[in-house]
Amino acid sequence: MMKIKLHLRSWIVGLVMVMTVIGGLILLGHITEGGLIYRDGKPLKIGATYMTLNNPFFNVIDEEARQVIEAHGDQLISLDPALNLEKQKEQIHYLIEQGVSALIINPVDFNGLSEELQEAREAKIPVIMVDTNVEDEELVRYSLMSDNYDAGVQCAQDMMKRKESARIVLLQHSTAYSAVQRIQGFTDTIQGHPQYQIVERIECEGQLEIAMPEMDAFLNRNVPFDVVMALNDPSAMGALGAMQDQHRLDGVLVYGVDGTPEIKALIRDHIMTATVSQSPITMGKDAAEVIYRILAGEDDSGEVLIPVTLINEQNINQFNLEGWQ
């Protein structure tokens, strides 16, 4: 147990450090002009703002979009509001003032950007939403997201196969529509089955460093539970770390959503129960390609749901443990 604990703790500490460094590099590096091929003496500017770059999922989206955009000789300006809605609003204003030709947005709050989206529309700047959509869908040209509701459904179905009854802790992020949909898919699936009870809902913003102390505080209350359903893999890892610190992991099923390399390794090692894989590679690449179709005058609009797949010990060998889908 001590070896496993130290292994997991070192992963968690290392992951936080890597995410912080990568986020800083992205924020600084994407506004440089070195290596760009100029079109008519000037590259197009594409703007991007994600709810946080303290999450490897969004870093992968950004990197895939950047590769496509720079291959066209253009420039991606990527900004990190660090889960601050007011900061994201300021970033969108800034990007519009910079004369971007399109915006890639992952909203901090799904109903908090109405004025900014309207401003982009008036400036004739197409908005591409990634990972989650917003309340004002008519202000968005294109949305690319995983089937988040089905991710929650698949986690619940897997749990119900393993347990005839359960006491469940939910780790949630109530201002992110994608997270809301995952938890809703889970709770809708167990609805009508009173043997599956929600004993706690913990707000953690999908962040490992918030989920861990919040889960630790919950454990100190000694409320019986045997399932954790986390909105994403970083929050699931935070819960795992807290439970191992208090020797409370045995017999607990832990679910996440993302399919991160770290979580897949934990599933292989029988520490984590399951995750539902997303494909940030597909999401980032497709977002950039949609932008160029729109800029070329094609009538691309709508919403695309990318299918998701549950990963557990039964199919883990079908997946690449070193990278994302």
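## Rings and cores

Tyr177 comes out as partly exposed, with a relative accessibility of 28%. Keep in mind that this is a predicted model. The ring of Tyr177 pairs with that of Phe110, and the pair counts as tilted because the planes sit at 55°. This pair ties together distant parts of the chain, 67 residues apart: Phe110 sits in the loop between strand S3 (102-105) and helix H4 (114-122), while Tyr177 belongs to helix H6 (residues 177-190).

In total, the structure has four aromatic pairs. Here are two of them:

| Pair | Centre to centre | Angle between planes | Type |
|---|---|---|---|
| Phe57 and Phe58 | 5.4 Å | 80° | edge-to-face |
| Phe110 and Tyr177 | 5.3 Å | 55° | tilted |

Phe57 is buried, at 2% relative accessibility, and Phe58 is buried too, at 3%. Tyr50 joins these rings: ring pairs link Tyr50, Phe57 and Phe58 into a cluster.

Now for the cores. In soluble globular proteins, nonpolar side chains tend to be buried together. Here the largest nonpolar core has 64 residues. Met215, Phe225, Val228, Met243 and Val254 have the most contacts inside that core. What does Val228 touch, leaving aside its neighbours within four places in sequence? The list runs Val169, Leu171, Met215, Ala239, Met243, Val252, Leu253, Val254 and Tyr255.

Terms used
Residues are numbered from 1 along each chain as its sequence is written. This is a predicted model: local features need pLDDT of at least 70, side-chain atom pairs count only at pLDDT 80 or more; totals for chains, interfaces and linings use all residues. Side-chain values use heavy atoms; hydrogens and water are left out. A nonpolar core is a set of buried Ala, Val, Leu, Ile, Met, Phe, Trp, Tyr and Cys residues joined through side-chain atoms within 4.5 Å. Buried means under 20% relative accessible area, exposed over 50%, partly exposed in between (1.4 Å probe, protein chains only). Contact means heavy atoms within 4.5 Å. Rings of Phe, Tyr and Trp (its six-membered ring) pair if their centres lie within 6.5 Å; planes under 30 degrees apart count as stacked, over 60 as edge-to-face and the rest as tilted. Helices (H or I, at least four residues) and strands (E, at least two) are DSSP runs, numbered from the N terminus.
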